Structures are given as C-alpha cells and as structure tokens.
Amino acid sequence: MHDAVWLNANLATMVDGYGAIRNGALAVTDGRISWTGTKWTGKAREEHDARGAWILPGFVDCHTHLVHAGNRANEFEQRLKGASYEDIAKAGGGIVSTVRATRAASEADLLAQANRRLRHWLAEGTAVVEVKSGYGLDRHTELKMLRVARKLQGVTVKTTFLGAHALPEEYKGRPDAYIDFVCDEVLPAAASENLVDAVDVFCERIAFTPAQTGRVFQAAKRLGLPVKLHADQLSDLGGAALAAKHGALSADHIEHSSEQGIEAMARAGTAAVLLPGAFYFLRETRLPPLDALRRHKVPIALATDNNPGSSPLSSPLLAMNMACTLFRMTPEEALAGFTVNGARALGMHASHGTLERGKAADFALWDIESPAELAYAIGANPCIGRVRGGNSAPCNSAPGT
Ligand SMILES: [Zn+2]
C-alpha cells in the first residue's frame, strides 16, 4: 500500500534527457517516490487526479546569495541616470553597502527578508536552494547568515561558506591576513556549529588569487568539507582547473575557462554551473564554453545566482529561458540544469533531481503541453502544485503555511 498516487499525469523524470512518461502515474510512500510508470494497478491511501498535468522533479537552485539585507535598486537607477561605478563607490555603494546592511541587520530581520524573497522560488516549484554566506566578511555576520539560511522555510537548504567573497574594508591592502582569518577563525567556527555544507571562494582579479583560493580549499579539506568555486567569470585565472584539482563539486560561471580547464573538470567529475542572470545583468558578451562542456560530457547545471549586485534574479524559469536565448542551451539541457545536474552540483544526486524510485518525493505539477514550454515562455508561471516530502504544498503558499 502506497501513501498517495498522482494519476493521469505526464512525467518528465529527467533520467536520460526528459525521460518522458506520458499518461503515467507517480506514487509516494514515507516521503519518497515509491512507483513511476504507465500501468498503475497498485493501491494508495490517497488518490490525486493530475488531469494531464506534467510532473517534474522539484527545481534545485544550486547557486544563490539569497540571504542578504536590502537591495541595490537605488544604485541600478543611479547608474542608468548616468552615475559611474566610481561615483557609486564614492557614495558608499556596491558590495560594501550590502555588507554594511547585512552586518547591521538582526538575525530575525535577515530571516524575514530572505523568507519573503524565497516565495518566488516556491511559486516556481523549487525543492532545494543553495545559499552562500559572504556579505558579513567578519566572524559574527558570516555565522549569522549561515544560521539564517538553515532556518529558511519550505525548501531543503544547502549552505555554503563564502567568507572569501570580497576583501572587507578592515583588511584593505592585507588580503593574505584576511585569508588567514577566514581559514583559522571564521570557517572553523562555522563548521563547529555545523553550519557549513560546502566551501566556496570568489577567485578573480578583483577578489582572491588562485594561491589564496588554494589555502581556503586546504582549510576546507582539513574540516572534511567539499569545495566549489566562482571561477573564470571575468578572466581566465585557471579557476576551472584549480577547482578540478581540488575535486570540487562545481566550478561556477566559467565564461572564460579554457578547454584544458574543461577537460580537467570532466576528469575530476566537477559539474559546471552556468549563471545567465549575471551574464544578462552585467551585459557580458563572453559566452561560456558550451561546446567544450558538451564534448567532454561535463554535467551542466544552471542557477539564478540571486544576489543584489550582479543578478537580482529570483526565477528559475526565467534563468532557463535566458540560458536558451543567451547561451543557446536546449530546453532539455536547461531543465536538466535545474534538476538532475543542479542536484549533482550540490552532491545530492542520490536524493534529488530526478523522478526515480527511492528519491525524495519533492516535485511540482505544471499546466503545460510539453516540458520545453518551461524554458520557452517568458514571464509565465504555469506551476499548479508542489509536493514536498510526499505532502501537497500549494505553490502559491507563503513559506511555512
Ligand atoms: Zn555567485
């Protein structure tokens, strides 16, 4: 006897492409998928009529900076009125302003802001969200951000420590001293509170060098934590190869990565995470090396990169459309990016990302004729239901209700 079954459903299992099962059914038991197929003869305590809706795995957004205080709409407006980046920096804008606001916010306020933001992901059938720290850049605030991330409601959260996101004012001109502080104090403190699922670094000319990145990765290794990397977004610093060398879960952005870097990722089993929101918002022109990723069969994940500075994007659906229009990914690749490969990029492929027996019963129902519609439509949201741990959670509900 199964707990519940959804009948008259089309399934995009996301096993080998769409893995479509038309006129099928999906059953759940004890919070896990217990059956998928076309000829349902089983018994279930609860029967739902999906009325021809498509069921897809709950989306996995594997790269966000969703916990932060305030936003930078004002800066966006100033810039479009003609202010330069320098003018804005002089007026205390840029990442410094988000760090200041995040340090000042109480834990409760930060959580309320993040939960309010998170509603957009729930409305689009999201099951898992990765959330990074990195707007504290001091011990107290980095831990506060991670604690808030752990308390987000309505989704499964994976937390990533990104203490090495930017150099705080207090360490101006002393980046190595800051890296010591991150490795010796902040990261161990966060790990000892069990607040860290993975460790990330922003490796870029405007942030931290490959050598500094390597030191943070060593510190992560000492604590037994997996790593990932903001790599080769604005220039090729060899970030993809560096991530691969450390067996990273993923290398993210990678617009400027070389073919050798991609090869190294393929050998190491490191996933690529492409972030079309930042590409769009910054009006970048250098496309990620999609052909090389395909040739070397690197799993390609997609994410919103939600953050107040370079990607104020809170829609997986729009990110998929951008990946198709800007990067020329196929709708099938885009959907895989937010399901099976998003799960791979977080090391949770065993429990999420596909509709298969034994995986978490975290999925969404969509009022569409074919899965490609999800990446095709711009600004529509055909999500009509969300199921989490086998229980219905209407996709327009506020978190926690
Ligand atoms: Zn990012």
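Q: How do you know what helix α7 (residues 210–222) should span, and what are its end C-alpha atoms apart?

A: The expected span of a helix is 1.5 Å times one less than its number of residues. Helix α7 has 13 residues, so it should span 18 Å, and its end C-alpha atoms are 18 Å apart, which agrees. Helices here are DSSP runs of H or I with at least four residues, strands are runs of E with at least two, and both are numbered from the N terminus. The model is predicted: local features need pLDDT of at least 70, side-chain atom pairs count only at pLDDT 80 or more, and totals for chains, interfaces and linings use all residues. Residues are numbered from 1 along each chain as its sequence is written, and side-chain values use heavy atoms, with hydrogens and water left out.

Q: Which residues of α7 are buried, and what covers them?

A: Buried means under 20% relative accessible area, exposed means over 50%, and partly exposed is in between (1.4 Å probe, protein chains only). In α7 the buried residues are Gln 212, Thr 213, Gly 214, Val 216, Phe 217, Ala 219 and Ala 220. Their cover includes β8 (156–164), α6 (175–192), β9 (198–202), β10 (227–231) and α8 (239–245). Just after α7, Gly 224 has a positive phi of about 75°.

Q: Why is Glu 75 called buried?

A: Glu 75 has a relative accessible area of 13%. The limit is under 20%, so Glu 75 counts as buried. Glu 75 is placed in helix α1 (residues 73–80). Leaving out residues up to four places away in sequence, Glu 75 touches Ile 88, Gly 93, Gly 94 and Ser 97, where contact means heavy atoms within 4.5 Å.

Q: Which residues of helix α3 (residues 95–104) are buried?

A: Ser 97, Thr 98, Val 99 and Thr 102 are buried in α3. The buried residues of α3 pack against α1, α4 and α5.

Q: What makes Lys 151 and Glu 107 a salt bridge?

A: A salt bridge needs a side-chain nitrogen of Lys or Arg within 4 Å of a carboxyl oxygen of Asp or Glu. The closest N and O atoms of Lys 151 and Glu 107 are 2.8 Å apart, so the pair qualifies. This pair links distant parts of the chain, with Lys 151 in helix α5 (residues 139–151) and Glu 107 in helix α4 (residues 107–123), 44 residues apart. Lys 151 is partly exposed at 44%, and Glu 107 is partly exposed at 23%. By this rule the count comes to 17 salt bridges.

Q: How do you know that Arg 147 ties together parts of the chain with Glu 193?

A: The closest N and O atoms of Arg 147 and Glu 193 are 3.1 Å apart, and the two form a salt bridge. Arg 147 lies in helix α5 and Glu 193 in the loop between α6 and β9, so the pair ties together parts 46 residues apart in sequence.

Q: Why are Lys 132 and Glu 130 called buried?

A: The relative accessible area is 1% for Lys 132 and 0% for Glu 130. Both values are under the limit, so Lys 132 and Glu 130 count as buried. Lys 132 forms a salt bridge with Glu 130, the closest N and O atoms being 2.8 Å apart.

Q: At roughly what angle do the axes of α5 and α6 cross, and which residues make the contact?

A: The axes come within 10 Å and cross at roughly 35°. Axes are lines fitted to C-alpha atoms, for helices over the stretch in contact, and angles run from 0 to 180 degrees between N-to-C directions. The contact is made by Arg 139, Glu 142, Leu 143 and Leu 146 of α5 and by Phe 181, Glu 185, Val 186, Ala 189 and Ala 190 of α6.

Q: Why is Asp 30 counted as exposed?

A: Its relative accessibility is 67%; the limit is passed, so Asp 30 counts as exposed. Asp 30 lies in the loop between β2 (20–29) and β3 (32–37), and has a positive phi of about 50° although it is not a glycine.

Q: Why is Lys 297 called exposed?

A: Lys 297 has a relative accessible area of 71%, so it is exposed by the cut-off. Lys 297 is placed in the loop between α11 (290–295) and β13 (300–302).
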